[in-house]
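Please keep the sequence and the structure in view while you follow each turn.

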Amino acid sequence: STLFPYTTLFRSPFTPGNCAGRRLRRDRVAVMAAAVTAGFASFASPVPSAGADASITLGPGISLTPAEGWTVQEDVTGNQVEVDNPDDTAKLEVTVGSGQTGDPAKELDSNVQQFMQNYGYTNVNLAPPVSGPVDSRFFQQRVTQEFTAIDSTAPGTAHKGMFTELMNTTTTMAAFAAFQAGPDAYDAASPEATQMINSML
């Protein structure tokens, strides 16, 4: 799509790029090195958020405002960002791009499957997706889906999260957001994750 002239970062259902899971911060360096070896673009150095004045542009007119104190790691291609909470127990990854269809439920399903594959999660439990209209300058539909999973690279490590797909059903422009946290940190971090996702509307 000419609206998103970015370099593809990951093989995914999104064009040009979809949110593909990266490991938690404990082994971020190894994963980023592997990504560079495979020809993927790497993230810029983490920068603590300065709040409303530190909005991240992800697409034409679309930007995300990080929550206060969350650390920003912006993809050099410009359409993907990862934001980590201050104590590194939760993170939000967002990608804006052009979907394959104008169906947000189908896009969410494809993006979720890619996300789980990239993270190597097991024992995945997905709640039924919830969809509805959204009041936005850019998107008409939103689909969300809660999940729990186990990290196969760290046996016994559990994750809880929420996937969100925002879709412009006319242009197929979409935003895929993956919020995840440790089970004990999920409830505390969830309002700020929701705030950041809503900042793109």
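Q: Which residues of strand 11 are buried on one side, and which on the other?
A: This is a predicted model, and in it strand 11 is mostly covered, with 9 of its 9 residues buried. In a regular strand the side chains alternate between the two faces of the sheet. Both faces of strand 11 are covered, and the buried residues are M173, A175, A177, F179 and A181 on one side and A174, F176, A178 and Q180 on the other.

Q: In which sense do strand 6 and strand 11 pair, and over how many bridges?
A: One place to look is K91, whose bridge partner in strand 11 is Q180. Taken as a whole, strand 6 and strand 11 pair in the antiparallel sense, over 9 bridges.

Q: How many residues lie between strand 10 and strand 11 in the hairpin that they form?
A: Strand 10 and strand 11 run antiparallel and are joined by 8 bridges, and E165 has F176 as its bridge partner in strand 11. In the turn of this hairpin, T172 has a positive phi of about 65 degrees. The number of residues between the two strands is 5.

Q: Which element gives the most residues to the largest nonpolar core?
A: This core has 31 residues, and those with the most contacts inside it are F139, F179 and M200. The elements that give two or more residues to it include strand 2 (56–59), strand 3 (62–64), strand 5 (80–84), strand 10 (158–167) and strand 11 (173–181). The element that gives the most, with 6 residues, is helix 3.

Q: What does F179 touch, not counting residues up to four places away in sequence?
A: F179 is among the residues with the most contacts inside the largest nonpolar core, and it is one of the buried residues of strand 11. Not counting residues up to four places away in sequence, the residues that F179 touches are W70, A90, K91, L92, F147, K160, G161, M162, Y186, A189, S190 and A193.

Q: What distance separates the C-alpha atoms of L64 and M196?
A: L64 has its place in strand 3 and counts as buried because its relative accessibility is 0%. Among the residues that L64 touches are I56, L58, V83, L92, V94, M196 and M200. Although L64 and M196 are 132 residues apart along the chain, their C-alpha atoms are separated by 6.2 Å.

Q: Which elements do the buried residues of helix 2 pack against?
A: Helix 2 (residues 104–119) has 16 residues and reaches 22 Å from its first C-alpha to its last, close to the 22 Å expected at 1.5 Å a residue. Its buried residues are P104, E107, L108, N111, V112, Q114, F115, M116 and Y119. They pack against strand 6, strand 7 (121–126), strand 9 (141–151), strand 10 and strand 11.

Q: Which residue caps the N-terminal end of helix 2?
A: At the other end, just after helix 2, G120 takes a positive phi of about 75 degrees. At the N-terminal end, a side-chain oxygen lies 2.9 Å from the backbone nitrogen of A105, and the residue that supplies this cap is D103.

Q: Is Q145 buried or exposed?
A: Q145 has its place in strand 9 and touches L108, V112, L126, A127, P129, G161, M162 and F163, not counting residues up to four places away in sequence. A polar atom of the Q145 side chain lies 2.8 Å from the backbone oxygen of A127. Because its relative accessibility is 10%, Q145 counts as buried.

Methods
Residues numbered from 1 in each chain as written. Predicted model: local features only at pLDDT ≥ 70, side-chain atom pairs only at ≥ 80, totals over all residues. Heavy atoms only, no water. Core = buried A, V, L, I, M, F, W, Y, C linked by side-chain atoms within 4.5 Å. Buried < 20%, exposed > 50% of the residue type's maximum accessible area, 1.4 Å probe, protein only. Helix = DSSP H or I, 4+ residues; strand = E, 2+ residues; numbered from the N terminus. Contact = heavy atoms within 4.5 Å. Pairing = 2+ DSSP bridges. Expected span 1.5 Å × (residues − 1). Polar contact = N/O pair within 3.5 Å; in protein donor to acceptor, adjacent residues only side chain to side chain.
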